[in-house]
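Here is a short briefing on one protein chain. Please look over the sequence and the fold first.

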Amino acid sequence: MEGFLQKLKGLDAYPKVNEDFYKRTLSGGVVTVVASVVMLLLFVSETRSYFYSATETKLVVDTSRGERLRVNFDVTFPSVPCTLLSVDTMDISGEQHHDIRHDIEKKRLDAHGNVIEARKEGIGGAKIESPLQKHGGRLSKGEEYCGTCYGAEESDEQCCNSCEEVREAYKKKGWALTNPDLIDQCTREDFVERVKTQQGEGCNVHGFLDVSKVAGNFHFAPGKGFYESNINVPELSALEHGFNVVPTIYTDLRGRKIHSNQFSVTEHFRDGNIRPKPQPGVFFFYDFSPIKVIFTEENSSLLHYLTNLCAIVGGVFTVSGIIDSFIYHGQKALKKKMELGKYR
């Protein structure tokens, strides 16, 4: 047993030196204090890094197909009545929705921004009762309705059964609908009366849209298309916002995934007084990046933390020993030369 212990003792890589042979110096004390402070700072920094999670970023190709995107909005027009505002969407796949009313709430505002009335829009427009027929008479019971287009018919069979259809017929002819109060369909839908009632008011529009995840746009246009008419809309010229959307997934330490988006924005204003005159409105154009960004929260392992601590202690101790040795031997050589009279 004693022989084994002696052999084990011979493997000692850290031979001990008798304390009588130690020599302590002032420079060594300074180096020790500085090294201790450096060790402490590095220890605190490494410990903070261990307890705070790091975020890893990865870029991948977005292979998702057929997804939908919910767009929330809350826009205020201080000088445009709610009656004159409509929300439209369209995208490159050909999907179009005009005058969207569901999931949208309009709030009438006075000149000071106070809410006059809040109304959640339903789906579809106002119904017409006993309208004027194309032949000049009123709609009778059991008779099929066919409203006049007021000279804008493209064929004898064409009917205009709503104010919107009259407007579309006029638009195709290149005519301006300058007197909507003389149009039976518009009058019966109470459009003109509502416009006169809300003159000088503002409007807050908020809600959400469900759009396809392809390039497209949604916009707020005045007058339900009556921008060709003589209705004055002072606030809207053409304001365009461009969004470049980057799909993003964030995964926390518990593995929970948050699907979101990052985006960059550009703006462009087109004056309504220039020629050709742009369609007035506020337009939001969006496009999606083919690259998806994935953020993942990660914590360092305990083994990695302990390894770094050992590297800090060992590295600082070794470097400080080299510095102390250099200073000690330099001072010793200088003192010896001075004793030999080389330096006075």
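The points below go from the whole chain to single residues.

This is a predicted model. The protein has six helices and twelve strands. Of its 344 residues, 32% count as buried.

**Overall picture**

**A nonpolar patch**
- L26, V30, V34, V38 and L42 make a nonpolar surface patch of about 450 Å².
- One of these residues, V38, sits in helix α2, which covers residues 26-51.
- V38 has a relative accessible area of 34% and is therefore partly exposed, since that class lies between 20% and 50%.

**Salt bridges**
- The whole structure holds eight salt bridges. Side chains of opposite charge can pair when their charged atoms come close.
- K292 and D62 form one of them, with an N to O distance of 3.6 Å. K292 belongs to strand β12 (residues 291-298), while D62 is in the loop between β1 (54-61) and β2 (68-77), so the bridge ties together parts 230 residues apart in sequence. Both K292 and D62 are buried.
- R68 and D210 form another, at 3.1 Å from N to O. This pair also links distant parts of the chain: R68 is in strand β2 and D210 in strand β7 (residues 202-212), 142 residues apart.
- R68 is partly exposed, with a relative accessible area of 39%. D210 is partly exposed too, at 45% relative accessibility.
- R167 and E168 also meet in a salt bridge, with N to O at 1.8 Å. R167 is buried, because its relative accessible area of 5% falls under the 20% cut-off. E168 is partly exposed at 31%.
- Salt bridges with shared partners join R68, E95 and D210 into one network.

**The loop at D252**
- Where does D252 lie? D252 is in the loop between β9 (238-251) and β10 (257-270).
- D252 counts as buried because its relative accessibility is 17%, and buried means under 20%.
- Which backbone nitrogen lies 2.8 Å from a polar atom of the D252 side chain? That nitrogen belongs to R256.
- The backbone nitrogen of R254 lies 3.1 Å from a polar atom of the D252 side chain.

**Positive phi angles**
- Most residues other than glycine have a negative phi. Two residues with a positive value follow.
- D103 has a phi near 65°, a positive value in a residue other than glycine. D103 is in the loop between β4 (96-97) and β5 (104-109). Its relative accessible area is 32%, so D103 is partly exposed.
- Y150 has a phi near 60°, again positive and again in a residue other than glycine. Y150 is in the loop between β6 (115-120) and α3 (163-173). With a relative accessible area of 25%, Y150 is partly exposed.

Definitions and conventions:
Residues are numbered from 1 along each chain as its sequence is written. This is a predicted model: local features need pLDDT of at least 70, side-chain atom pairs count only at pLDDT 80 or more; totals for chains, interfaces and linings use all residues. Side-chain values use heavy atoms; hydrogens and water are left out. Helices (H or I, at least four residues) and strands (E, at least two) are DSSP runs, numbered from the N terminus. Buried means under 20% relative accessible area, exposed over 50%, partly exposed in between (1.4 Å probe, protein chains only). A polar contact is a pair of N or O atoms within 3.5 Å; within protein, one must be able to donate a hydrogen and the other to accept it, and residues adjacent in sequence count only if both atoms are side-chain atoms. Patches are made of residues with over 30% relative accessible area and no salt bridge: like charges are joined within 9 Å, nonpolar side chains (Val, Leu, Ile, Met, Phe, Trp, Tyr) within 5 Å. Accessible areas come from the Shrake-Rupley method with a 1.4 Å probe; for residues, only the protein chains shown count as cover. A salt bridge is a side-chain nitrogen of Lys or Arg within 4 Å of a carboxyl oxygen of Asp or Glu.
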